[in-house]
Amino acid sequence: MLEINTIKKIICSSYDFEEYGIDSYLVHTGYTYHDGDELHIVIKSEGNRIKITDEGHTLMWLSYEEYNMTPSRKDQYQRILSENNTLDDRGRIYVIYDDIKETSACLKSIIQTLLQVADLRYLNRQNVSNTFIDDVIAESNKLAISSKCIYNKKIEIAKNEYCEPTVYIELEKPVLIFAINTSDCAKETLINLMMLKENNMKYRTIAVIDEDAQITEKDKSRLINRASRPIIGLSDFRETIDEYLVG
């Protein structure tokens, strides 16, 4: 049985508790998401333990903002959870504990977590584009052939002319992966792809295009047509690479 009166005395706060269900309470903290909606925090019994959870509302709120949870953002999300000693269960952020005296500290932890997770939406476009290359590298590190991946290797494509793919996969017929996150990067990659073809270089090329980048449809179309294998976004990156290399 949740001893709500004891909890109120322990936290010594102006927080209000609204009965929410059987042995569970909605905690009104006064803290809000950026649109003014109050943080959704529920405290309830979990067997002989106490659980404080957002019931998935924070990530749901981010999804309303058309937030793209890239690998780098997932890493930041996990870092936030770890630093605040909170956990995730299929998108539900929570903390669980045994001693009722821990309620104040645990409540502060989950409030801090929810506010920091909500702040992830403020990664501006430049930050997002900067993380895209890191995301491609991170995903390449998870490939079955990751041991054959070399990063930022310079490839001579003409006399005194070099290109530097994001990832070079050292195979019998090497693969060059270009991560494309800006308009300038798109144009440079197009030049590299054309020179590789003109000089009959025996490489397979993969263009990974950031779906959120400000790249013209014309340049996207050129990249798609010139790369051996184009990939839009990172959602199916590993599966697509594996399928391409086998094929």
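Helices here are DSSP runs of H or I with at least four residues, strands are E runs of at least two, and both are numbered from the N terminus. Keep in mind that this is a predicted model, where local features need pLDDT of at least 70, side-chain atom pairs count only at pLDDT 80 or more, and totals for chains, interfaces and linings use all residues. Residues are numbered from 1 along each chain as its sequence is written, and side-chain values use heavy atoms, leaving out hydrogens and water.

- Helix α1 (residues 4-11) packs against helix α4 (residues 103-118) at about 75°, and their axes are 8 Å apart.
- An axis is a line fitted to C-alpha atoms (for helices, over the stretch in contact), and angles run from 0 to 180 degrees between N-to-C directions.
- That makes α1 and α4 roughly perpendicular to each other, a label for angles of 65 to 115 degrees.
- On the α1 side, the contact (heavy atoms within 4.5 Å) uses Ile7, Ile10 and Ile11, while α4 brings Thr103, Ser104 and Leu107.

**The sheet**

- Five strands form an open sheet with mixed pairing, in the order β7-β10-β11-β12-β13.
- Two strands count as paired if DSSP finds at least two bridges between them.
- At the edges sit β7 (149-151) and β13 (229-232), each pairing on one side only.
- On average, neighbouring strands of this sheet are turned by 20° against each other, ignoring direction.
- β10 (residues 167-169) pairs with β11 (residues 175-180) in the antiparallel sense, over three bridges.
- Val167 has Ile177 in β11 as its bridge partner.

**A helix across the sheet**

- Helix α7 (residues 217-226) lies across β11, β12 (204-209) and β13, and runs at about 150° to β12.

Notes. Parallel < 35°, antiparallel > 145°, perpendicular 65-115°, else oblique.
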